[in-house]
Amino acid sequence: MSESKSIDDGTLHGATLHAGTLPGATLHEEIVHHGPATPRMTGDTTPGDRTIDTLLARYAESHRDPTNERIHFVCVPVIALSLLGLLWSAHPLAAAAVATAALAYYWKLSRPFAAGMLVMALVMLGILAALPPIAVLPLSIVMFVLAWLGQFIGHLIEGKKPSFFDDLRFLLVGPLFVLGFLYRRFRIAY
């Protein structure tokens, strides 16, 4: 494979990438792919770009450090679960309503992502339903605080502010960033 790649500050310039052919690639280098067979570079801004590709590429810009990425892989799902738990403790329908609203947004961005997030939402709501009701609120508060502390530590390591400081949509993109990693690993197009 002939590829002219130069790596400086974590970005690839002028590289011809093929999914799964860059050993040791960071998630940022992988995120530029919007599916296993179609490479997409961060700098691409052709009129046909999908919103989900743009959002993931922009999110990846402040998530290049491997330690920060690993922290996000743990903390983002914990934040999602704890947020649903906080809502669940008010009323289970509140958690279901917020999950449904998020799924509608994901559906607009990418149906395969929406399907994956539906599975995740059902698993999370199932966990909350299985917990003793008295434990949901305190457990959710502790998880929420600790996971956000982890996120901010990750961004201190990264040296960049969280993406949602610039655009609140990135609060909903974070779970897709994590899910996208799994999709690329299993070669599921999104």
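Visitor: Among contacts in the chain between residues at least 6 apart in sequence, what percentage join residues at least 24 apart?
Guide: In this predicted model, 67% of the contacts between residues at least 6 apart in sequence join residues that are at least 24 apart.

Visitor: And which pattern does the chain follow along the sequence?
Guide: Read along the sequence, the pattern is β-β-α-α-α-α-α-α-α, given by two strands and seven helices.

Visitor: Let's look at H5: what span should its 20 residues have, and how far apart are its end C-alpha atoms?
Guide: Helix H5 covers residues 111-130, and at 1.5 Å a residue it should span 28 Å, which agrees with its end C-alpha atoms being 28 Å apart.

Visitor: What sits at the start of H5?
Guide: There, a side-chain oxygen of serine 110 comes to within 3.2 Å of the backbone nitrogen of phenylalanine 113, and Phe113 is also one of the buried residues of H5, a list that includes Met117, Met124 and Leu128.

Visitor: Which helices do those buried residues pack against?
Guide: The buried residues of H5 pack against helix H2 (51-60), helix H3 (66-90), helix H4 (92-109), helix H6 (133-158) and helix H7 (170-185).

Visitor: Switching to the surface, which residues make the nonpolar patch?
Guide: Leu137, Ile141, Val142, Val145, Leu146, Leu149, Ile153 and Ile157 make a nonpolar surface patch of about 700 Å², while the chain as a whole exposes about 10000 Å², with carbon and sulfur atoms supplying 70% of that area.

Visitor: Why does valine 142 count as partly exposed?
Guide: Valine 142, which is found in helix H6, counts as partly exposed because its relative accessibility is 46%, and this value lies between the 20% limit for buried and the 50% limit for exposed.

How values were computed. Residues are numbered from 1 along each chain as its sequence is written. This is a predicted model: local features need pLDDT of at least 70, side-chain atom pairs count only at pLDDT 80 or more; totals for chains, interfaces and linings use all residues. Side-chain values use heavy atoms; hydrogens and water are left out. Helices (H or I, at least four residues) and strands (E, at least two) are DSSP runs, numbered from the N terminus. The expected span of a helix is 1.5 Å times one less than its number of residues. Buried means under 20% relative accessible area, exposed over 50%, partly exposed in between (1.4 Å probe, protein chains only). Contact means heavy atoms within 4.5 Å. A polar contact is a pair of N or O atoms within 3.5 Å; within protein, one must be able to donate a hydrogen and the other to accept it, and residues adjacent in sequence count only if both atoms are side-chain atoms. Accessible areas come from the Shrake-Rupley method with a 1.4 Å probe; for residues, only the protein chains shown count as cover. Patches are made of residues with over 30% relative accessible area and no salt bridge: like charges are joined within 9 Å, nonpolar side chains (Val, Leu, Ile, Met, Phe, Trp, Tyr) within 5 Å. A salt bridge is a side-chain nitrogen of Lys or Arg within 4 Å of a carboxyl oxygen of Asp or Glu.
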